[in-house]
Amino acid sequence: MPADAMRVVPSPLDQRRRSERRPCPLAVVVRSTAGDHAARLLDLSSGGAGIRIDTLVALKPGTRFILIHPALGEVPCILRWAMHPRYGAEFQTGSYTLSRIGALYDSLPPAPGEIL
């Protein structure tokens, strides 16, 4: 059998996150063109976050928004995936805000099963 026949092509569903996420149940505000919405962070990584928004809002992948929390400030984000009420966001920000995100991430306990 040729070597090509055994090659496995990974699907987008098999891709791994660039960095580990840690549980982070903080109340935040999501500010978009659709208005301000109360939300909750589900988890946090150095590059993004899982968010839950219980109000009915039509956010689609590719939507840009601001994530607001006193510990983080105003963090520009882009929505990467949406399955209401859960959303995945990637941070689109500079080094100052990334250092604040990193400090908060480092203060969180590791996720179950995460190896330090």
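Contact, in this talk, means heavy atoms within 4.5 Å. With that in place, a word on the source. This is a predicted model, where local features need pLDDT of at least 70, side-chain atom pairs count only at pLDDT 80 or more, and totals for chains, interfaces and linings use all residues. Residues are numbered from 1 along each chain as its sequence is written, and side-chain values use heavy atoms, with hydrogens and water left out.

First, the chain. It has 7 strands and 1 helix; these are DSSP runs numbered from the N terminus, H or I of at least four residues for helices and E of at least two for strands. Along the sequence the order is β-β-β-β-β-β-β-α. Of its 116 residues, 34% are buried, meaning under 20% relative accessible area with a 1.4 Å probe, protein chains only. Taking contacts between residues at least 6 apart in sequence, 48% join residues at least 24 apart.

Why does aspartate 43 count as buried? Because its relative accessibility is 16%, and buried means under 20%.

What does aspartate 43 touch, apart from neighbours within four places in sequence? The list is Arg21, Arg22, Pro23, Cys24, Ala49 and Gly50. Two of these come up again as polar partners. The side chains of aspartate 43 and arginine 21 make a polar contact of 3.0 Å, that is, a pair of N or O atoms within 3.5 Å, one able to donate a hydrogen and the other to accept it, with sequence-adjacent residues counted only if both atoms are side-chain atoms. The aspartate 43 side chain also reaches the backbone nitrogen of glycine 50, at 2.9 Å.

Definitions and conventions:
Buried < 20%, exposed > 50% of the residue type's maximum accessible area, 1.4 Å probe, protein only.
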